[in-house]
Structures are given as structure tokens and as C-alpha cells.
Amino acid sequence: MNALKRLECVDAGTEHCPCYLAEIGECLTCSHLQGKDFCDCNWRGVCIYQEYAWNRYKIRDRRITYVSDVISVVPVCDIAFIMELSVNSTLSRELSQPGSYIFVRPEGMLAYFDTPISVMDSDPGKNSVKIAVQILGPKTKVLNRDLKKVVIRGPYRNGLFGLKYIKSLKDQKALVILRGIAQAPGVLLIKKLAQQHNDITVIVDPGKIEKDIVSDIINPYCSRIYNVDLLSFPGQQLLRNLISDQDLRLVYSGGSDEQHLNVLNYIDVYNPKVMLAVSNNQTLCCGEGICGSCGVVLEGTVVKTCKVQVDPRKLVERGVLNG
Ligand code: FES
């Protein structure tokens, strides 16, 4: 069976579906829009082909690229800073979901400089979003230039894997592990889990950015927050003890692929029934399923992780996250 058939496009059924991929016969979900003569999908929402036909065989609204004011820039350390950006009310609302990210570049620079950044927080009342940027290369370096305006494109949604577990968790216990710059997307995730009345424990490790940037924001939503170095012996002991809690239903790992594996190893040994969600650490370039930079090979098929929700366990089991 084709692996793609079982994978879920995060945009399926949204206002951004059908997308460019439908137009070129590469839809991730619809077999008709893959050029086949028969219906062979596992999508349970409104028929994507029908939507495409109703829309006169054209794609839905493209994601908008527009200029945004930089409201504030707060330095975190030498290699990281937090930016608050103005957005319209619709985008602010759309970007309040866990896993949301946008592409950002300085105004006046070419689209080559578009870089995907997770949304840290969204304030629909103020029509603004916050992003935390770690300077890693040319694209992030140019964002650290006392900018007044940036160009943003969004909303994008596949910033983490395991979204269905997060959305379905209600009145349960969850453990959220955040390290380094990956602390930032933890905020929207924690707000969502709290909205669904979950009991949330958080581990925050400043990692390379050397600062806890989230505890002040997430404090009202969590039962417990531990600040530890996850690479230390006490950090590993704490991780193991918290994962061993048999009442736990979900663990989210926000950090490196090595951290995901570390967490999954403890889950497999001490609490194999717990659900796992992880940050999406693949290299994203277009976000539209076109360039292929985010591709990972799964069951012999290249899976575009900017669009496809993949079970983190399966990825790890197949050694994909191991590179
Ligand atoms: S980022 Fe271009 S295909 Fe996924």
C-alpha cells in the first residue's frame, strides 16, 4: 500500500485546500487529484475533488504575503531574540493554534530570505503575534537588524507532529518538555491543553539560548514547572520519573531529534501506552509541499513533512528522525 494514502495533510478541509498540489496532480490526499480514475482516499471530511470542481478547477485562496510592523524586539541572549509583529485579526486567530508557524523576511529583501518561524504566542485582542528567533544562519541573521517592518506569509500549521493527540486530550495528565528555542512553540500548545482542562506538568531547559523564556507566560496554565538541565543526571532522573507516571496520557517533546529519541526511549521502557507528540524539526523551505526540502522517506515514499502529519513514533521506529 502506498504510504501516502495513510498520511494526513494538515491543510485538508481547511480554507487552504485544494492547494497548488491539486493543480499539478500531486494532492497528498485525493487520488483523483493524483491523476487516478478512482476514489481511493481515507479523508473523512468534505470531498477535496468536489471542492476543486466547485471552485471551477482552481485552487482555493493562496496564503497571503504581506508587510507587518515590528512592534517590539526583546533580546534573549547573544543568539536569540523575541519579536512581536502586527497581523490582521484573522491571521492572529489562525495563528493561535498549536503547531502554527509563519515565514518571515525583512521588508525589501528577496523571497530567498523567507525563513519559517514557530509562533510563540498570539494576541487576537491586540492583533499581534510573538516569535522567538535563534540566529543560526543568513536568514535569521538578517532578521536581527533593528527592523521596522518584515514580510510575513502564513498561516502554516504543521510545526509539530501528533496534533490529533493534542486536540483530543481532555481532562487528562500531560507532560510537556521544552528545551532551547523550542520553548517558544510550547506556549500555544500549553494554552490549548489547558483550554481542554488537562493537568499539565512542564520541564523547561534553557538549552543553548540560556534563558527560560516561557515560564512567566505558561505559569497560569500549568500545575508544575521544573527548570532543569535535561542533559544532566538530575535532569534525566526527573524526566524518567515524570514519564513513569502511569496516569500520564500525553508527552510532548519540543527540542532536538536527539531529545525526541531520549523521551521515546523512556516511554517505551516505563510507560508504553502514553501518546507522544514532538516538534517538527525538518528543514522547511516553501511550506507548500513543492520544494521537497522537508521530505523524509517513509515506506519507500518521500513524505513532505511541511504538510503531512506523521505519527512521531512511526518516524522514530523507522529511523527517519535518526537521519
Ligand atoms: S517545505 Fe517545501 S515541500 Fe515541504
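Trainee: Which residues does aspartate 121 touch, not counting residues up to four places away in sequence?
Mentor: This is a predicted model. Leave out residues up to four places away in sequence. Aspartate 121 then touches Val129, Lys130, Val187, Leu188, Lys191 and Ile217.

Trainee: Which side chain forms a polar contact of 2.8 Å with the side chain of aspartate 121?
Mentor: Look among the residues that aspartate 121 touches, including Val187, Leu188 and Lys191. The polar contact of 2.8 Å joins the side chain of aspartate 121 to that of lysine 191.

Trainee: Where does the largest pocket lie?
Mentor: The largest pocket holds about 1200 Å³ of space. Of its 40 lining residues, the closest to its centre are Gln134, Leu136, Ile181, Ala182 and Asn281. Both domain 2 (64–156) and domain 3 (160–281) give residues to the lining, so the largest pocket lies between domain 2 and domain 3.

Trainee: How many charged residues are in the lining of the largest pocket?
Mentor: Strand β5 is one of the elements that each supply at least two residues of this lining. By class, the lining has 17 nonpolar and 19 polar residues. The charged residues number four.

Trainee: Which element gives the largest share of the lining of the second largest pocket?
Mentor: This pocket has a volume of about 540 Å³. Closest to its centre, of 21 lining residues, are Glu8, Cys9, Val10, Trp43 and Lys167. β1, β7 and α5 each supply at least two lining residues. The largest share, three residues, comes from α5.

Note on methods
Residues numbered from 1 in each chain as written. Predicted model: local features only at pLDDT ≥ 70, side-chain atom pairs only at ≥ 80, totals over all residues. Heavy atoms only, no water. Polar contact = N/O pair within 3.5 Å; in protein donor to acceptor, adjacent residues only side chain to side chain. Contact = heavy atoms within 4.5 Å. 1 Å grid on protein atoms, 1.4 Å probe; cavity = no way out; pocket = protein on both sides within 12 Å on 5 of 7 lines; lining within 4 Å. Points joined across faces, edges and corners; volume = space filled by probe spheres on them. Helix = DSSP H or I, 4+ residues; strand = E, 2+ residues; numbered from the N terminus. Nonpolar A, V, L, I, M, F, W, Y, C, P; charged D, E, K, R; others polar. Domains from an automatic or database assignment.
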